[in-house]
Amino acid sequence: MPQPDNKLRIPETLRNVKSIIGIFSAKGGVGKSAISLQLALALKDKGLKIGLVDADIYGPSQPVMLNSSPGELKLTKNEIIEPLTKEGIKFISMGLISGEKMPVIWRGPMVSGAVMQLLSQTEWGELDYLIVDTPPGTGDVQLTLLQRIPLTSAVVVTTPQKVSVSDCKKGIEMINKLDVPISGLIENMSWFQPDSMEKKYYLFGKDGGKELAKEYSLELLAQLPLVELDEDSDLQNHELLKKEFDKISTKLMDSVKNLKDKRSGGIPQINITK
Ligand SMILES: Nc1ncnc2c1ncn2[C@@H]1O[C@H](COP(=O)(O)OP(=O)(O)OP(=O)(O)O)[C@@H](O)[C@H]1O
Ligand SMILES: [Mg+2]
């Protein structure tokens, strides 16, 4: 169960979700959505039960990446939404809910209210991990997610670029202030390396995310290259990135295990030998 000491009422639909991970970055366009999906798929490949929620009301991108449309969504009893299953993961997005089709879901006048409704009105069932892809910024939605969803931990994403790093600092400060642990930082779009070349091109500067991780004592989960995609290929099927996400998902699982061990008492076990 996420954060057993959480004083808030955990929505009924999230009660059988073991860990909830929020993917945050105050900066837009740094790869949060791509990373959320690749992480979800890598965890699924390890045999775990995974859900993915796209909490971006203004620019939801998961439905496109997962090739899904609003018509596929079903409401079950008591206004509860049945998540879609795509590529072996349970999935729901703000982009799948259109006002005319499901007005019942849109009672909340505020966006953050709608995000909460989406999370708590979806029948997640039993999950090992629920990955929450968040919108850019440090506003109401992020605040609501950090305060009202029992997040196990956050993962922060930045590019090495100065503007991204400086926005990302605001995000880290916000997460720290709200006492949500951070499992680590991913530096994305770190360099570009043409197939046939030794040389790496640091298009957005070098090691900006690495240094940020050091400054805040966060684990650097990875530095990921900017990769070239042709028309028919997806980021999530890119061989090099798949290998990277296999490692990132292991590191995340270790971090979550450590956090849970720490929370559940912390009495050290000692072996007494004669
Ligand atoms: N490592 C990468 N190599 C190549 N393209 C990438 C990489 N990471 C992300 N992209 C591409 O960059 C664009 C932005 O990524 P994405 O939508 O995941 O960012 P985001 O942080 O979720 O953006 P927003 O803040 O708008 O939600 C997308 O087209 C995505 O496919
Ligand atoms: Mg996004």
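How far should the 14 residues of helix α1 span at 1.5 Å a residue? The answer is 20 Å, and the end C-alpha atoms of α1 (residues 32-45) are 20 Å apart, which agrees. The expected span is 1.5 Å times one less than the number of residues.

## Basis of the report

This is a predicted model, in which local features need pLDDT of at least 70, side-chain atom pairs count only at pLDDT 80 or more, and totals for chains, interfaces and linings use all residues. Residues are numbered from 1 along each chain as its sequence is written, while chains are lettered from A and ligands numbered from 1 in the order in which they are written.

Helices (H or I, at least four residues) and strands (E, at least two) are DSSP runs, numbered from the N terminus.

## Helix α1 and what follows

Of the 14 residues of α1, 13 are buried, so the helix is largely enclosed by the rest of the structure. A residue is buried if 20 or more other C-beta atoms lie within 10 Å of its own, exposed if 12 or fewer, and partly exposed in between, with C-beta atoms placed from the backbone.

K46 lies in the loop between α1 and β2 (50-54). With 13 other C-beta atoms within 10 Å, K46 is partly exposed. Its C-alpha atom is separated by 9.0 Å from that of T250, 204 residues apart along the chain. G47, which follows α1, has a positive phi, near 90 degrees.

## The sheet

Eight strands make an open sheet with mixed pairing, in the order β5-β6-β2-β7-β1-β8-β9-β10. Its edge strands, β5 (84-86) and β10 (220-223), each pair on one side only. Two strands pair if DSSP finds at least two bridges between them.

Strands β1 (residues 17-24) and β7 (residues 127-133) run parallel and are joined by six bridges. Within this pair, I20 stands opposite L130 in β7.

## Helix α7

Helix α7 (residues 239-263) packs on the sheet and touches β1, β8, β9 and β10. Its direction makes about 160 degrees with that of β9. Contact here means C-beta atoms, placed from the backbone, within 7 Å. Axes are lines fitted to C-alpha atoms, for helices over the stretch in contact, and angles run from 0 to 180 degrees between N-to-C directions.

The 25 residues of α7 reach 36 Å from first C-alpha to last, close to the 36 Å expected at 1.5 Å a residue. Its buried residues include L241, F245, I248 and L252. Among the elements that cover the buried residues of α7 are α1 and β1.

Note on methods
Contact = placed C-beta atoms within 7 Å.
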